Amino acid sequence: MKLVRIGRLLATAALVLLFPGALLAAESAPLKIGIIGAGRIGGTLGELWAKAGHQVMFSSLDLEHDKELAKSVGDKAQAGTPAQAAAWGDVLLVSVPYTALPQIGKDYAASIKGKVVLDTSNPIQSRDGEMAVAAREKGTGVASAEFLPGARLVRAFNEVGYRSLRSESNRSGDKVAIPLAADDKQALEVAVRLVKEAGFEPVVVGGLDTAKKFDVGTPVFGKALNAAELRKGLGIEK
Ligand SMILES: NC(=O)c1ccc[n+]([C@@H]2O[C@H](COP(=O)([O-])OP(=O)(O)OC[C@H]3O[C@@H](n4cnc5c(N)ncnc54)[C@H](OP(=O)(O)O)[C@@H]3O)[C@@H](O)[C@H]2O)c1
């Protein structure tokens, strides 16, 4: 028995050394998810992930708000500053007005480096100004990667409204589909896991350059489609 346990420990250690992201995607271990931007999307996803058994740390520019939010979510949730959330999380969710991305990428660069980062942030000209126009032209997968250097970035949860996330998690029948784009295979696996555990169906669209297909203003944006409808709208095969 002892030898079997030692064997398992050695195998796990080898896995971690060879594939540092592998354990994050493993279905059993709860994750520490640092949330930068605990607003409508960040607050909703944090609650869904806490319900699924993960630990979350909410952060924003208003610590008191985040403490209240954490209290309402329960003992799997806590609040901190964005710097604390960035350092604490094994995985980060960045869900802020697009104009905040450059500052976040600079201020928390050391914490972000090498971490899986799910980015929901959308560039909206009326709110974010000219930088939103440039980001939309590039596509958010490419633009966000430039603002968050070193992140193992996944574009996720940007295409469905917060009301649908709140009310349609684990809905009966076909689940609401969440399109994902990433260049990093293991980061994508972690995102797939977190989409499923929040009660939705992941649809992998492709590399970061394909995030453009489901950015603001595209035909599929904001529709809470099921997976078949989303794939059809994006023109991708299963
Ligand atoms: N609403 C939707 O249905 C939806 C759907 C998909 C994607 N999105 C996109 O996802 C992002 C978040 O949307 P939301 O609706 O959740 O917005 P929101 O409710 O306004 O929340 C934004 C959060 O970001 C925080 N924040 C702002 N600047 C920050 C900074 N420099 N550092 C740390 N935190 C900062 C805000 O804190 P304070 O409140 O303290 O300022 C707030 O907690 C946006 O880019 C949005 O376009 C929204």
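Helices (H or I, at least four residues) and strands (E, at least two residues) are taken as DSSP runs and numbered from the N terminus. The structure is a predicted model, in which local features need pLDDT of at least 70 and side-chain atom pairs count only at pLDDT 80 or more, whereas totals for chains, interfaces and linings use all residues. Residues are numbered from 1 along each chain as its sequence is written.

The chain comprises 13 helices and eight strands. Of its 238 residues, 46% count as buried, a residue being buried if 20 or more other C-beta atoms, placed from the backbone, lie within 10 Å of its own.

The eight strands form an open sheet of mixed pairing in the order E3-E2-E1-E4-E5-E6-E7-E8, where two strands pair if DSSP finds at least two bridges between them. Strand E3 (77-79) and strand E8 (201-206) are the edge strands, each pairing on one side only, and the twist from one strand to the next averages 25°. Within this sheet, strand E4 (residues 91-94) and strand E5 (residues 116-119) pair in the parallel sense over four bridges, and leucine 92 stands opposite valine 117 in E5. Helix H13 (residues 227-234) packs on the sheet, touching strand E7 (177-182) and E8, and its direction makes about 15° with that of E8; angles run from 0 to 180 degrees between N-to-C directions, with axes fitted to C-alpha atoms, for helices over the stretch in contact. Helix H3 lies across strand E1 (32-36), strand E2 (55-59), E3 and E4, and runs at about 165° to E2.

The ligand is surrounded by 25 residues, of which Gly37, Gly39, Ser60, Leu61 and Asn122 are the closest; a residue is near a molecule if its C-beta atom, placed from the backbone, lies within 6 Å of it. Helix H3 (40-51) and helix H6 (101-107) each supply at least two residues of this shell, and the largest share, three residues, comes from H3.

The largest nonpolar core contains 70 residues, among which Val154, Leu180 and Ala191 touch the most other members; such a core is a set of buried Ala, Val, Leu, Ile, Met, Phe, Trp, Tyr and Cys residues joined through C-beta atoms within 7 Å. Helix H12 (residues 185-197) gives the most to this core, with seven residues. When its neighbours within four places in sequence are left aside, leucine 180 is in contact with residues including Val154, Ala191 and Val204, contact requiring C-beta atoms, placed from the backbone, within 7 Å.

Key:
Buried ≥ 20, exposed ≤ 12 C-beta atoms within 10 Å, placed from the backbone. Contact = placed C-beta atoms within 7 Å.
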